Amino acid sequence: MKLKPFFKKCQEKEVFKMLTIYVVVSWVLLQVMAVTWQALGLPLKAGTYLIILLLLGFPLYIFFIWKSRIAPLEKEALILEENEIKEKLDFKRTYFSSLGIITAIIIVCVVLIINKNFVRQVELPKVVQSNKIAVLRFGNNTGDPAYDVVSKMASDWIMHGITENQAGQVISQEVVNEYTSALRGKNSEEGVTSVVNEYLRPGKIITGNFYLKNNNLLFQCIIKDGISDETLIAFKPSECNTNEALVCIDDIKESILGFLMTEGSKKEMLQDSPPKYEAYKYFLEAKNTQENETYLQLLNKAIQADSTYFEPKVLRVAYFYDTGNYEKADSLLNAIEPDSQNNKRQVNLLQTYDALLKGNNKKVYSTTLKEYEIAPFDLKSNKSAMVVALQFVNRPEDVQNIFDVIKMDSMDLQNCPDCISRIYVKALADIELKNYKSSIKLLEPLIETAPETFLKKPLIAAYVRSGSHFKTEKLINEIELLSPVDVFDNMCLYTAKEYLLAENTLKANEYLDKIIKASKETSDKTILAEALYYKREYGIAEKLLGEALLKEPENIDILAELAICSHHLNKPKQVEKYLKNIETQRGKYKYGSIDYALAQFYAITKNTTEMNAHLMKAVAEGHMYTSQTFQNDPHFIKYKNTQPFINILTFWH
């Protein structure tokens with residue numbers, strides 16, 4: 001029977017009226033109970049009992065309506081048409097179907113109410129997985145109960161290390177035991193595992209065991225995921241004398257701390273297994289110091305604390321390379337072995353420094369880019385890629401994309417040396433690309449707050465090359481007022497060279513004269529000699545350069561300038577002497593400096609064949625493209641637009 005005629009029949013037979021009476025009476029009873037249960041001394045859940053009874057009584061009341069009111073009316077009609085009989089049967093069927101549905105719903109409601117209010121649950125509350133670390137007692141597999149104390153010693157020492165170094169919040173074995181006892185006294189290993197996994201749910205579980213091997217104790221330890229039970233790391237076994245168990249335990253503790261402290265930077269890690277914590281601590285201190293001697297000492301301590309720690313070994317090679325001790329860097333590099341040939345990042349870094357020491361700039365660039373791709377947002381990695389692109393392979397066009405990867409808007413430049421270095425390299429690249437406005441826009445706001453004087457050099461270059469002579473003079477005047485004389489002289493010399501590159505000899509001489517004028521106040525006569533050299537006052541320059549050579553007899557730059565001075569003063573024997581002196585200094589780790597100096601001499605003597613040949617050799621040996629070499633060197637002004645010179649500039653492309 002359809003609902004509409006069914007409801008109409010129910011209304012005719014006053015079913016809804018009877019149901020309304022039940023609902024109203026039930027509501028009144030509940031209201032009375034809510035007010036009087038305390039006064040009558042009834043239990044708190046008396047109202048719940050009443051609700052259950054009223055719910056259960058509702059389907060019974062519906063059945064009572066049928067028996068007492070509808071069924072008698074059905075019997076009174078003795079003679080019925082066939083369609084009326086069918087209609088009555090449909091009504092009866094729909095009525096009892098509705099009764100069945102209502103009964104089912106009420107039973108479900110009653111069951112839920114009973115479960116919620118009357119079924120007592122004695123389970124301990126479960127918690128969601130956390131960052132807590134469960135340290136379980138190490139298993140004594142020696143078969144000797146005398147070593148049970150070592151089990152507790154191991155877990156206690158590890159917990160102490162984790163807590164002391166704030167590597168995580170620890171759940172101890174005692175806490176696990178309390179939970180185990182509360183849960184029906186389960187003491188089996190299976191019961192302990194169940195308690196940890198189901199109720200404590202730590203983020204990580206540290207567990208291990210030890211046994212005897214040739215009268216030594218051998219400790220094994222693993223860290224597992226608290227949810228998946230997956231092994232995150234299995235540490236190398238640690239072996240020690242039975243009387244020195246704490247040595248092994250401390251070794252394991254250091255390995256655990258190293259894993260916990262470096263877990264968040266796996267992508268940046270250079271090795272598969274984490275370093276020991278003490279070594280990692282020294283390494284972090286080294287990265288945060290600006291003192292070269294302290295930096296090297298801390299790197300050595302890190303390597304001493306963990307002889308397998310790869311990164312400080314590589315940084316030690318970099319330290320000696322950067323300080324010009326190439327032989328020491330090469331020796332240390334050859335002593336480093338990667339964890340395996342499968343560790344591509346370690347192999348790549350070793351190849352980078354091998355290429356650096358061999359002067360293979362193309363290889364340096366390709367390997368540096370691989371490292372950059374692994375950690376493009378790391379400031380040091382990003383800066384290194386910029387420097388190599390600009391100064392090793394002369395690709396200033398590549399610098400922009402690398403620079404843009406890291407947004408500088410929110411950087412605190414005053415506390416970020418690498419950020420300032422990146423801006424410096426970017427400005428130099430813009431100058432090479434003749435984007436002088438971009439370079440000026442980068443540097444002008446920075447020099448107002450940053451104390452680094454080296455930032456002013458690219459700004460001077462951008463001013464000079466863009467024809468902003470007034471701004472150049474203003475900046476030099478500010479430097480004269482605020483800086484020591486030696487710094488002022490250095491800046492004037494740099495400015496003069498920029499004007500020589502622009503073939504503006506008059507302006508260049510203005511700044512060279514400033515150096516000569518201030519010569520009485522400066523202690524560095526080398527800059528005075530340089531000023532006289534570039535002003536072509538070769539006689540006085542030769543004398544001062546000769547004095548400087550006595551202090552630095554192997555200085556190739558001074559020898560080259562003396563050879564040029566002697567050439568202009570028509571002293572062929574002196575020229576030959578200086579050139580031979582330059583040649584005698586050939587050897588390993590010169591990176592083209594010998595041939596570059598000879599190329600400068602042949603450029604001045606207009607021997608373009610020899611000049612180009614030596615420049616090509618210099619580049620092939622790894623001589624770098626800086627803000628004062630090759631196209632930025634006044635010695636090569638007349639040749640920098642020739643095809644052979646362009647080939648030299650693009651040698652590594």
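What share of the contacts in the protein with a separation of 6 or more comes from residues 24 or more positions apart? The answer is 58%, where a contact means heavy atoms within 4.5 Å.

Before you click around: this is a predicted model, so local features here need pLDDT of at least 70 and side-chain atom pairs count only at pLDDT 80 or more, while totals for chains, interfaces and linings use all residues. Residues are numbered from 1 along each chain as its sequence is written, and side-chain values use heavy atoms, with hydrogens and water left out.

**Stop 1: the whole protein**

Start with the cartoon view. The protein exposes about 35,700 Å², and carbon and sulfur atoms supply 54% of that (areas come from the Shrake-Rupley method with a 1.4 Å probe, and for residues only the protein chains shown count as cover). Of the 653 residues, 45% are buried. Buried means under 20% relative accessible area, exposed means over 50%, and partly exposed is in between (1.4 Å probe, protein chains only).

**Stop 2: helix α19**

Select residues 456–465, which form α19. Is this helix mostly covered or mostly open? Mostly covered: 9 of its 10 residues are buried, among them Pro458, Leu459, Ile460 and Tyr463. Two lysines, Lys456 and Lys457, are on the buried list as well. To see what the buried residues pack against, show α17, α18 (436–447), α20 (469–482) and α21. Following α19 is Gly467, with a positive phi near 80°.

**Stop 3: the nonpolar cores**

A nonpolar core is a set of buried Ala, Val, Leu, Ile, Met, Phe, Trp, Tyr and Cys residues joined through side-chain atoms within 4.5 Å. Which residues have the most contacts inside the largest one? Pick out Leu455, Ile476, Ile582, Met611, Leu615, Phe630 and Phe636; the core has 129 residues. Zoom in on Met611: leaving aside residues up to four places away in sequence, Met611 touches Ala599, Tyr602, Ala603, Phe636 and Tyr639. There is also a second, separate core of 28 residues, including Met159, Cys240, Cys248 and Leu257.

**Stop 4: the largest cavity**

How many cavities of 30 Å³ or more does a search of the whole structure find? It finds 3. On a 1 Å grid over the protein atoms alone, a cavity is a set of points where a 1.4 Å probe fits but cannot get out, a pocket is an open set with protein on both sides within 12 Å along at least five of seven lines, and lining residues have an atom within 4 Å of a point. Grid points are joined across faces, edges and corners, and a volume is the space filled by probe spheres set on the points.

The largest cavity holds about 70 Å³. Select its lining: Leu390, Gln391, Asn394, Leu428, Glu432, Tyr625, Thr626, Ser627, Gln631 and Asn632. Helices α15 (379–392) and α17 (417–432) are the elements that give two or more residues to this lining. By class, the lining has 3 nonpolar, 6 polar and 1 charged residues (Ala, Val, Leu, Ile, Met, Phe, Trp, Tyr, Cys and Pro count as nonpolar, Asp, Glu, Lys and Arg as charged, and the others, Gly among them, as polar).

Stay with Ser627, in the loop between α28 and α29 (643–649). Ser627 is buried, at 17% relative accessible area, and touches Leu428, Tyr494 and Asn632, not counting residues up to four places away in sequence.

**Stop 5: the second largest pocket**

This pocket has a volume of about 740 Å³ and is lined by 31 residues. Select Lys497, Glu530, Asn555, Asp557 and Glu561, which lie nearest its centre. The lining divides into 12 nonpolar, 10 polar and 9 charged residues. Which helix gives the most? That is α25, with 6 residues.

**Stop 6: two positive phi angles**

Most residues other than glycine have a negative phi. Now look at Tyr589, where phi is positive, near 70°. Tyr589 sits in the loop between α26 (572–583) and α27 and is buried, with a relative accessible area of 17%. Then select Lys606, in the loop between α27 and α28 (608–620). Its phi is also positive, about 65°, but Lys606 is exposed, at 58% relative accessibility.

Terms used:
Helix = DSSP H or I, 4+ residues; strand = E, 2+ residues; numbered from the N terminus.
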